Amino acid sequence: MATHTTSPSIALTSAGTATGRGTEWWRTAVIYQIYPRSFADSTGDGIGDLGGITSRLEALVDLGVDAIWLSPFYASPQKDAGYDVADYCDVDPLFGTLDDFTRMQTRAHELGLRVIIDLVPNHSSDQHAWFQAALAAPEGSPERDRYMFRDGKGPDGSEAPNNWDSVFGGPAWTRVAHPDGTPGQWYLHLFDASQPDLNWQNSWVREQFVDILRFWLDRGVDGFRVDVAHGLIKADGLPDYTPATDGGSMGGGHFNDTVLEPAISAEEPTPPYWAQPGVHEIYRQWRRLLGEYAGDRVLCAEAWVEPLATLANWVRPDEMQQAFNFSYLETPWTGPAMRRVIDASIDAFEGVGAPSTWVLSNHDVVRHASRLALTGENPQGAGIGPRSPGQPDPVLGLRRARAATALMLALPGSAYIYQGEELGLPEVIDLPDAARQDPTWFRSHGKKYGRDGCRVPIPWESDKPAYGFSSSGESWLPQPADWGALARDAQVGLPGSTLELYTAALALRRAHELGAGAASWLSGFGDAVVAFTNGAVTVIANTGTVAVELPVGDILLASEEITGGALPADTTVWLRS
Ligand code: GLC
């Protein structure tokens, strides 16, 4: 352990606690996102499955996380990688069976891991029995009213009911045909045409989801990550809307590159399909339902809502417990921007008694080991590919990612990790066009690469077929030829590896109870440095280009090797205060 002897003058100001002050497990938990298709394949078909997850859970215990969140594994035609659900209460054969789910959950619980599953209420698959019944039923029928069917505009109804675009590109409306083949009504799909939006003004729909929640709660899940939790209610009359700028495909992405700070005040009017006030009563009902179950079950909102003060409405005491902090994810790697978003997060969430969450990667965004070194415009959801401008320098990207993660894991509150980031995986940029599967790629006619590059199956063993992802060597997206050195087995016990950095950070976070702590800003290091204390730990992150002098203290953790008394560029260190 190195000790340093110099000490810049340090001033303390309080950034506050981020836990919202209760003691429930989710206030401080580190939650690991499993993307089932790409985690581990037990059948050799090239697609990950529940059996694969069960067989690899020990690795997550070794890593030191508290819970797992599984992206959808439900019956689905897989038009949007499972976010197009055809049966909310069954497992798709691709992933196994309900018994496989129970085995996975039982094993996770034995190992002390909580299990959160994904709930997709904004839309179903067009193959869901409800939608098939709606198509078969006449206009104006109760079956049609479960979805968002409308007559078209124009004399023959051939124009879409309004001008909304799908998040994935192209119009948000598709016209259906009558049984005799003549054109009929249109239905709304904020995402792919295979994902019709449900009508959440319809009480029958609400009752179905109460049953779905109960189905999984009765089976013992510890909570739900709620997909598109800002989208369920649409403004009355479905008025036209033209966004002023490309605010990112999910409605986030408002940060301003020129000032390098996230816009934490919303400058644009709220789109009529996002963040409508009517969504909140739905979550209040669900929260009451969860309250009937023992064990601190949790709801986490995927709501691309800014500013953070508005997002905090999703986690008021009688609504959800957590919301993903996408403002944090989208913050550029600069000192002022990072300090500002941390302050705003803690203020907003603590103001309603909720924990702040922190997240840098997930299955919808460019992996942060690449994103943090992008030099071109990259609206959320666009992805990157071989023809994208501003290609990231992989060495710089990984260095920044390690520093950014070391900063994130020292913050009080709850943190989310996306599978593979603990291995330092970059975005896979050079996927062949023919391999791409994200509907964004197809609906934007190749204008947006989409999200496949962050979904490539992860490497477990450097010298096995498909790096141990599947025994057959199959992989639903091709894995890069140079991932051997990033495989888990190549990193375990290797000093300085990204896996060892994550493992050490999580162990120290637990030992020092950083999740339940409070951050106090330290100044005196210069604008590019983010520095704070959290209990007995001093955290210093250098986002700038020149080394800065370190204060006295034993080094507990460093995202890069530290020699002498200086903190290099793009490096984070934890010192014993
Ligand atoms: C969420 C999911 C994303 C999916 C979309 C539609 O944003 O994270 O993967 O495509 O919802 O369900």
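In the predicted model, Ala-193 is in contact with Asp-126, Thr-174, Tyr-187 and Arg-443, when neighbours within four places in sequence are left aside. Ala-193 is located in the loop that runs between β10 (183–188) and α4. With a relative accessible area of 22%, Ala-193 is partly exposed, as the buried class is limited to values under 20%. Between Ala-193 and Leu-508 there are 46 Å in space, C-alpha to C-alpha, and the two are 315 residues apart in sequence.

Ser-166 is placed in the loop between β8 (149–150) and β9 (173–177). Its relative accessibility is 6%, so Ser-166 counts as buried. The side chain of Ser-166 also reaches the backbone oxygen of Phe-191, at 3.0 Å.

Helix α4 covers residues 203–218, 16 residues in number, and spans 22 Å from its first C-alpha to its last. This span is close to the 22 Å expected at 1.5 Å a residue. At the start of α4, the backbone nitrogen of Trp-204 has a side-chain oxygen of Asn-202 within 2.7 Å. Buried residues of α4 are Val-205, Arg-206, Gln-208, Phe-209, Val-210, Ile-212, Leu-213, Trp-216 and Leu-217. Just after the helix, Gly-220 adopts a positive phi of about 100 degrees.

Two other helices, α1 (residues 50–63) and α2 (residues 98–110), have axes that come within 9 Å and cross at roughly 10 degrees. Helices α1 and α2 are therefore roughly parallel to each other, since angles under 35 degrees are counted in that class. On the side of α1, the contact is made by Leu-50, Ile-53, Thr-54, Leu-57 and Glu-58. Helix α2 contributes Asp-100, Phe-101, Arg-103, Met-104, Arg-107 and Ala-108. Sorted by class, the contact of α1 with α2 comprises 6 nonpolar, 1 polar and 4 charged residues.

Asn-534 belongs to strand β17 (residues 529–534) and is buried, with a relative accessible area of 2%. The side chain of Asn-534 is involved in polar contacts with backbone oxygens: that of Ala-410 is reached at 2.9 Å, and that of Leu-514 lies 3.0 Å from a polar atom of the side chain. Ala-410 and Leu-514 are also listed among the residues in contact with Asn-534, together with Leu-411, Pro-412, Gly-517 and Ala-518, again leaving aside neighbours within four places in sequence.

The peptide bond from Glu-306 to Pro-307 is cis, with omega near 0 degrees. Pro-307 is in the loop between β12 (298–301) and α6 (308–311). Asp-296, although not a glycine, has a positive phi of about 50 degrees. Asp-296 is found in the loop between α5 (279–291) and β12, and at 37% relative accessibility this residue counts as partly exposed. A positive phi of about 50 degrees is also found at Tyr-467, which is not a glycine. Tyr-467 lies in the loop between α11 (439–443) and α12 (488–491). Its relative accessible area of 12% makes Tyr-467 buried.

Methods: Residues numbered from 1 in each chain as written. Predicted model: local features only at pLDDT ≥ 70, side-chain atom pairs only at ≥ 80, totals over all residues. Heavy atoms only, no water. Helix = DSSP H or I, 4+ residues; strand = E, 2+ residues; numbered from the N terminus. Expected span 1.5 Å × (residues − 1). Buried < 20%, exposed > 50% of the residue type's maximum accessible area, 1.4 Å probe, protein only. Polar contact = N/O pair within 3.5 Å; in protein donor to acceptor, adjacent residues only side chain to side chain. Axes fitted to C-alpha atoms, helices over the stretch in contact; angles between N-to-C directions. Parallel < 35°, antiparallel > 145°, perpendicular 65-115°, else oblique. Contact = heavy atoms within 4.5 Å. Nonpolar A, V, L, I, M, F, W, Y, C, P; charged D, E, K, R; others polar.
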